Amino acid sequence: MAETPTPEAALSRLLAIMARLRAPDGCPWDQLQDFQTIAPYTIEEAFEVADAIRRGPDFPALLDELGDLLFQVVYHARMAEELGHFAFTQVAEAISDKMVRRHPHVFGEAAARDAGAQVAAWEVQKAAERAARAEIGALAGIPTNLPALTRAAKLTRRAARVGFDWPDAAGVLDKLEEEAAELRAELPKADPSRLADEVGDLLFVLANLARKLDLDPEECLRGANAKFERRFQGVETRLATRGLTPGDTSLEEMESEWQAVKKAEKQ
């Protein structure tokens, strides 16, 4: 049996592979990449990690996906090193320093904290770090390329910390009804820009409602997507037993099958 390498040896091998791929006699595709072209892959790999976790976790898949995500970090660090900005070692040192700084109750002399107190202290520390970077304002530092629903929840969570929030979920539901009425009023005009604006407001309030209920709006929507997919496939299966496809049937007949699938799920 082959001896398991040390973490240092395994990481050194990965860094050497990345350097070789980017070398003048390395991989032509890798040589052409830059931060902008690699960033979408980084986001995709992060989602694939999350998907492997949601599936159980699916540990064989999680091992593979974490490797892909680590490679993305190594990739960005290598490109930065080539430009003379920083190397992977500095990335690792920076996150180590940050974790020590944000956990003085573990690595320093601060009093022990429960989970709630730690979250509050974490936010104070992050606010101080944003101020040090001249990021001013309650909403500073929230990445613009987050999934839109996730960013909406983060924006409203930050605003809520300074008192800009509804007192309860019922207030958000009232706002949801108001936004739905505004969207309905725009329907006869059919102005695409106005409709987009009103649909955006509606989605923003829905994300706020999820946040108010301590729910992740992305997870809520993923669940709804999965439910729709499962039920629509159930409709297709039921129609197939009669030699039909959705394209062969009326909306009324598909709705009837949809209701039958929903009823079967609840039994």
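1. Starting with the largest pocket: α3 (35–54), α5 and α11 each put at least two residues into its lining. The biggest contributor is α3, with six residues, the largest share of that lining. Bear in mind throughout that this is a predicted model.

2. The space in this largest pocket comes to about 750 Å³. It has 16 lining residues, and Ala46, Pro143, Asn145, Leu146 and Lys154 are the closest to the centre. Sorted by class, the lining of the largest pocket splits into nine nonpolar, two polar and five charged residues.

3. Next, the second largest pocket, at about 240 Å³. Here 13 residues form the lining, and those closest to the centre are Lys126, Arg130, Gly141, Lys154 and Arg158. The elements that give two or more residues to this lining are α7 and α8 (148–161). What is the class make-up of the lining of the second largest pocket? Ten charged residues, two nonpolar and one polar. Have a look at Lys154 while you're there: it is listed among the residues closest to the centre of the largest pocket, and it is listed again for the second largest pocket.

4. On the α5 side, the contact is made by Lys98, Met99, Arg101 and Arg102; on the α7 side, by Gln118, Trp122, Gln125, Lys126 and Glu129. Five of the contact residues are charged, two are polar and two are nonpolar. Lys126 of α7 takes part in this contact and also turns up among the residues closest to the centre of the second largest pocket.

5. Moving on to α1 (residues 7–22) and α4: the axes come within 10 Å and cross at roughly 55°, so these two helices are oblique to each other. Their crossing is right-handed. From α1, the residues involved are Leu14, Leu15, Met18, Ala19, Leu21 and Arg22, and they meet Leu70, Phe71, Val74, Tyr75, Arg78, Met79 and Glu82 of α4. By class this contact has ten nonpolar residues, three charged ones and no polar ones.

6. The pair α11 (residues 217–240) and α12 (residues 251–266) packs at an angle of about 115°, with the axes 9 Å apart. This crossing, too, is described as right-handed. In α11 the contact residues are Phe228, Arg230, Arg231, Phe232, Gly234, Val235, Arg238 and Leu239, while α12 brings Met254, Glu257, Trp258, Ala260, Val261, Lys262 and Glu265. The class tally for α11 with α12 is eight nonpolar, one polar and six charged. Remember that α11 also supplies at least two residues of the lining of the largest pocket.

7. Two backbone spots to check in the viewer. Which peptide bond is cis, with omega near 5°? The one from Gly56 to Pro57.

8. You'll find Ala190 in the loop between α9 (169–186) and α10 (192–212).

Conventions: Residues are numbered from 1 along each chain as its sequence is written. This is a predicted model: local features need pLDDT of at least 70, side-chain atom pairs count only at pLDDT 80 or more; totals for chains, interfaces and linings use all residues. Side-chain values use heavy atoms; hydrogens and water are left out. Contact means heavy atoms within 4.5 Å. Helices (H or I, at least four residues) and strands (E, at least two) are DSSP runs, numbered from the N terminus. Ala, Val, Leu, Ile, Met, Phe, Trp, Tyr, Cys and Pro count as nonpolar, Asp, Glu, Lys and Arg as charged, and the others, Gly among them, as polar. Axes are lines fitted to C-alpha atoms, for helices over the stretch in contact, and angles run from 0 to 180 degrees between N-to-C directions. A crossing is left-handed if the near helix is turned anticlockwise from the far one by less than a right angle, and right-handed if clockwise. On a 1 Å grid over the protein atoms alone, a cavity is a set of points where a 1.4 Å probe fits but cannot get out, and a pocket is an open set with protein on both sides within 12 Å along at least five of seven lines; lining residues have an atom within 4 Å of a point. Grid points are joined across faces, edges and corners, and a volume is the space filled by probe spheres set on the points. Angles under 35 degrees count as roughly parallel, over 145 as roughly antiparallel, 65 to 115 as roughly perpendicular and the rest as oblique.
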